[in-house]
Amino acid sequence: MLMGTSIAMGLQSAALGASVSATSSQNAGAEQTVLPVPVAEDGLPDIETIITDDEFEEAVPPIAPSLDAELDGPLETIEDFERRMAAESINGSAETTEGSQPPLGDPALADGDLVEEIGDAPIRDAELIAPLPSLQSFEVAPVELAEDASDDEVVEIAYSVRIEGLEAADEDTGSALAAMFEDLSALEDGDGEAANVAQVAARLTEDSALLQRILASEGWYEASVTTRIDRSEDPTGQPLTAVLSVVSGERFVFSDIVINADPVVPADLITQNMALAVGEPIIAERVQGSEANIAVRLPENGYPFAAVGQRDILLDPDTKDGVYTLPIDVGPRSRFGAIETTGNLAFDAEHIAVLARFDRGDLYDSRDIDDLRQALVATGLFNTISVVPQRTGEPAGDGTEFATVLVEQDAGPPRTIAGSAGFGTGQGFRLEGSWTHRNLFPPEGALIANVVAGTQEQGAGLSFRRSNAGQRDRTLQVRAEALRSDFAAFEAFTGQLSALISYDSTPLWQKPLTYAYGIRLIGTNEQDFDFDLGELNRRTFFIGGLTGQVGVDRTDSLLDATRGFRVTALVEPEGSLQDGFTPYVRARIDASAYYSVTDSIVIAGRARLGTIQGIERFDLAPSRRFYAGGGGSVRGFGFQELGPKIELANLDFDPDNPDEGESPTFFRPIGGRSLNEVAAEVRYRFGNFGVVGFVDAGQVYEGTTPDFSNLRYGAGIGGRYYTNFGPLRFDVAIPLDRQPGESNIAVYVSIGQAF
């Protein structure tokens, strides 16, 4: 038994990489007894004779002649032997009679074949050959369950989990190994309940392997985890405690880092981006991250075809370190070549070149390829789009070669039907629908038809829009529209022709600097109060003008900013064309800022200033004057409700009706030539929902300079539901120090924050 044990221990040691001789050396110091063995002259051991050959022959009885003949004869074949044994068992057995059971192993039980490769099964049970009972006489006894058995009774085992010995490793890594284990643990996933002890043991075994994998990923390659289940002192033994006992051992570190790659330019391109160092622990996440970083940096620096190979880490259990080897095929250093395109095309390679931010001959940079791919996606014209480099072998000088940029297109449906809805006090309900063909005039020439149907606004328009018009992100739009407006401030029938070139942000592509410039012609028939006549009067205005706007955006989101600021300046030189030419300038500046107090709380502020210079208010069309109040202005007031007003008789008032609820007069805003607004919000978000508290202030003045006097305030609260395209907004506000004719409460519903 000692020899067998020694051999087994030696094999186990060899499997672990230890020396086999370590086991046999344990008995090296044991005392040994040597037995003397006599040797004859011929060199063989001299053994004492116990019995002579003659005495042995006399003691053995002689063999019968008949048996001696059988022994000397030839052996019969297996087939002959089986036939003979079968015949003897059937005919020669005195105990076997008709109707009795054949002997076990009889090969002729079923078919009478005496020689079979696989014999028939023996029939030993008389019941198997007895006739079956009739169905009438067959009785089935019902199975009765024990009285204490119940389908609803569920036996559960309660348990807790404890890890021993992980503290040192946890402290050494600086990461939460225990938390990582809890996220993946089968025991923790069971919430402390199991059907039986066997299930707890199975989970414990699974978690033991998990804990070893976690430790190995942090550099403890020789860590051991033992498990046990402890019972509590309660008579039931519950709750159980599943214990994982950890012995982490020594942490393995890098002894050498070897990169097998051809020379690159610059020479330290790979080493500078290798985030590993000799002497640091072998951590799987850092190894993978370092390799990924190299795979990214090489294409960003002129190596589009670089490929990171399979790493090799050779561990030494004696020195507790490892040699890391990484093969890299860097491929040729390349420059941008021609742009080619295939597939179901939305536009040609020439227009793709307009979107590209690189030129032929520029050193290849994968970030430019990603940028081009995003620009193509932003057009909205594709089901799928891919942009990949291809080798050409064409020399580009300086040891580089050209790489073709291949764009594979799959154009999607070009037509879109869209709709939007909103509500605001004083503005009523507003529905807008549009039909768009995004590529009716390639490349990216869209035709857009839209219809507005609201309680106080109705109209239709037709637009031509060319995106990326001769330059990346530049848009040309020509629009014709007809609109009827019936607001508290004015009623108007307006027709407009305009052309605009803009560089704007979109939900997919927010830009730090935007601009727009254009021209417009307006013809409008509007109702206005004539102070000379002392009554409302309709007048027709013809207006021609230019538009110029510049914006700076340093926020983190177009529709839901949480930090940064925005500033937009708008200047509109215009001229009134009726009764001669009267030039004037409309100017407005908007600014907003955002500050994150915590991850869930944001403070936001907004300010607006506006002025109209060079024209009297009466000579200015009511629709071109400044107004304040509403969801995008001063909340708590109706749309365009703030500013100078006139009091008019209410024609719907019936003085003879004692139940009349209408006021005998109403106040009509007449607009002004300057305005100022300020607003502040506190936004709190929890999950996909949010709550906003806000205070707004503002006023409109008859003069051309805003003087911040007689400010009106509104306050309220709002709810937000956050979607992937921006928040849905629902605000309720009231005016502070409400004046006659003003709203008691105002409600606003729209998409996006108020500012």
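**Helix pair and cores**

1. The axes of α7 and α9 come within 10 Å and cross at roughly 140 degrees. Axes are lines fitted to C-alpha atoms, for helices over the stretch in contact, with angles from 0 to 180 degrees between N-to-C directions. α7 is therefore oblique to α9, as angles under 35 degrees count as roughly parallel, over 145 as roughly antiparallel, 65 to 115 as roughly perpendicular and the rest as oblique. Helices (H or I, at least four residues) and strands (E, at least two) are DSSP runs, numbered from the N terminus.

2. This is a predicted model: local features need pLDDT of at least 70, side-chain atom pairs count only at pLDDT 80 or more, and totals for chains, interfaces and linings use all residues. Residues are numbered from 1 along each chain as its sequence is written, and side-chain values use heavy atoms, without hydrogens and water.

3. Leu177, Met180, Phe181 and Leu184 of α7 meet Asp207, Leu210, Leu211, Ile214 and Leu215 of α9; contact means heavy atoms within 4.5 Å.

4. The largest nonpolar core has 21 residues, and Leu177, Leu211 and Leu215 are among those with the most contacts inside it. Such a core is a set of buried Ala, Val, Leu, Ile, Met, Phe, Trp, Tyr and Cys residues joined through side-chain atoms within 4.5 Å, where buried means under 20% relative accessible area (1.4 Å probe, protein chains only). β1 (157–164), α7 (177–184), α9 (197–217) and β4 (240–247) each give two or more residues to this core. The largest share, 6 residues, comes from α9.

5. A second, separate core of 20 residues includes Ala346, Phe347, Phe358 and Ile385.

Notes:
Buried means under 20% relative accessible area, exposed over 50%, partly exposed in between (1.4 Å probe, protein chains only).
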